[in-house]
Amino acid sequence: MSVINIQNLTRDYGVGKGIFNISIQVEKGEVFGFLGPNGAGKTTTIRHLMGFIKPKTGSCQIDGLDCWRNRDKIQKRLGYIPGEISFFDDMTGKEFLKFISDYRNVGKDNRMQEMLERFELEPRGKIKKMSKGMKQKIGIVTAFMHNPDILILDEPTSGLDPLMQNRFIELIAEEKKKGKTILLSSHMFEEVERTCDRIGIIRSGKLVTVDSVETLRERHMHTYTVCLDSQKLAEDFARDFNGICDGNKVTVQAKQSLETIFMNYYGGENNV
């Protein structure tokens, strides 16, 4: 049985808004990328998984538990980063982390300090005075501090600088090696490309494809034939670009980047 199992999930808000017949399965130890621009339906899908929204049509389960009926049990087990993180702004970061730790009854055996050091976060100041990046780091710490086996991450690196984004990618790779199951919603192509086993691309609330990065690239591979001035130039070109030489002609294949593939599904829209 899949750890995360979404079957024919639909939530129609009218005028084309919502999610429509979404089916996704994420296996144990898999990192699944959920890729799409803002408003495509990623967060609505995740809110169903978290038990914040009751399905109108279809179902979603985590580890065999119904996400609506058993949301309290599921939420205790998960690590979750929401797309828009809400805090008690009058608390300091340290007070908030202690509150979450006590709420989860984590005790002293937790990964809080490890995460604070990894993301270079000093949480003593008031949250309301913190930058977007600092608040995002607090969200990451709270998601990972209790060492969950299942993680649902909605735009987890929003607001982080490139160095911290890279550290987060390294963290995901480490968690994957430990057998964690992760659903990663993002519109950061490098983040998805470097961490995910499979990718689901959502457009206007509908899942348009689910496949591995490599399969998507192979499906969207382009073949080019280049005519050079001489056979010698053609042979050099073929050697440099792993092409096939035929006289002064060279045939090469080029795989597209994940960003280019994504834009193909979106008809060239630049709203990601």
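Colleague: Before we go on, at what pLDDT do side-chain atom pairs count?

Modeller: Residues are numbered from 1 along each chain as its sequence is written, and side-chain values use heavy atoms, with hydrogens and water left out. This is a predicted model, where totals for chains, interfaces and linings use all residues, local features need pLDDT of at least 70, and side-chain atom pairs count only at pLDDT 80 or more.

Colleague: What volume does the second largest pocket have?

Modeller: A pocket here is an open set of points on a 1 Å grid over the protein atoms alone, where a 1.4 Å probe fits, with protein on both sides within 12 Å along at least five of seven lines; lining residues have an atom within 4 Å of a point. Points are joined across faces, edges and corners, and the volume is the space filled by probe spheres set on them. That gives about 690 Å³ for the largest pocket. For the second largest pocket the value is about 460 Å³.

Colleague: Back to the largest pocket: which element gives the largest share of its lining?

Modeller: There are 22 lining residues, with Tyr80, Ile100, Tyr103, Arg104 and Thr142 nearest the centre. Helices (DSSP H or I, at least four residues) and strands (E, at least two) are numbered from the N terminus. By element, α2 (71–77), β6 (78–81), α3 (93–104) and α5 (132–144) each put in at least two lining residues. The largest share, five residues, is from α3.

Colleague: And which element gives the largest share of the lining of the second largest pocket?

Modeller: That lining has 21 residues, and Gly39, Lys42, Thr43, Thr44 and Arg47 lie nearest the centre. Two or more residues come from each of β2 (17–26) and α1 (42–49). By class it is six nonpolar, nine polar and six charged. The largest share, four residues, belongs to α1.

Colleague: Is Tyr103 buried or exposed?

Modeller: Tyr103 sits in helix α3. Buried means under 20% relative accessible area, exposed over 50%, and partly exposed in between, using a 1.4 Å probe and protein chains only. With a relative accessible area of 65%, Tyr103 is exposed.

Colleague: Which residues is Thr157 in contact with, leaving aside its neighbours within four places in sequence?

Modeller: Thr157 lies in the loop between β7 and α6, and counts as buried at 2% relative accessibility. Contact means heavy atoms within 4.5 Å. With those neighbours set aside, its contacts are Gln136, Gln165, Phe168, Met188 and Glu191.

Colleague: Which strands stand at the edges of the open sheet of four strands?

Modeller: Two strands pair if DSSP finds at least two bridges between them. The order is β2-β1-β4-β5, with antiparallel pairing; β1 (residues 4–14) and β4 (residues 57–62), for instance, share five bridges. An edge strand has a single partner, so one side is left without a neighbour in the sheet, and that goes for β2 and β5 (65–66).

Colleague: What is the bridge partner of Ile152 in β8?

Modeller: All six residues of β8 (residues 181–186) are buried, so this strand is largely enclosed by the rest of the structure. Thr181, Leu183 and Ser185 point one way, while Ile182, Leu184 and Ser186 point the other. β3 (residues 31–35) pairs with β8 in the parallel sense over five bridges, with Gly33 bridged to Leu184. β7 and β8 also pair in the parallel sense over five bridges, and there the partner of Ile152 is Leu183.

Notes: Ala, Val, Leu, Ile, Met, Phe, Trp, Tyr, Cys and Pro count as nonpolar, Asp, Glu, Lys and Arg as charged, and the others, Gly among them, as polar.
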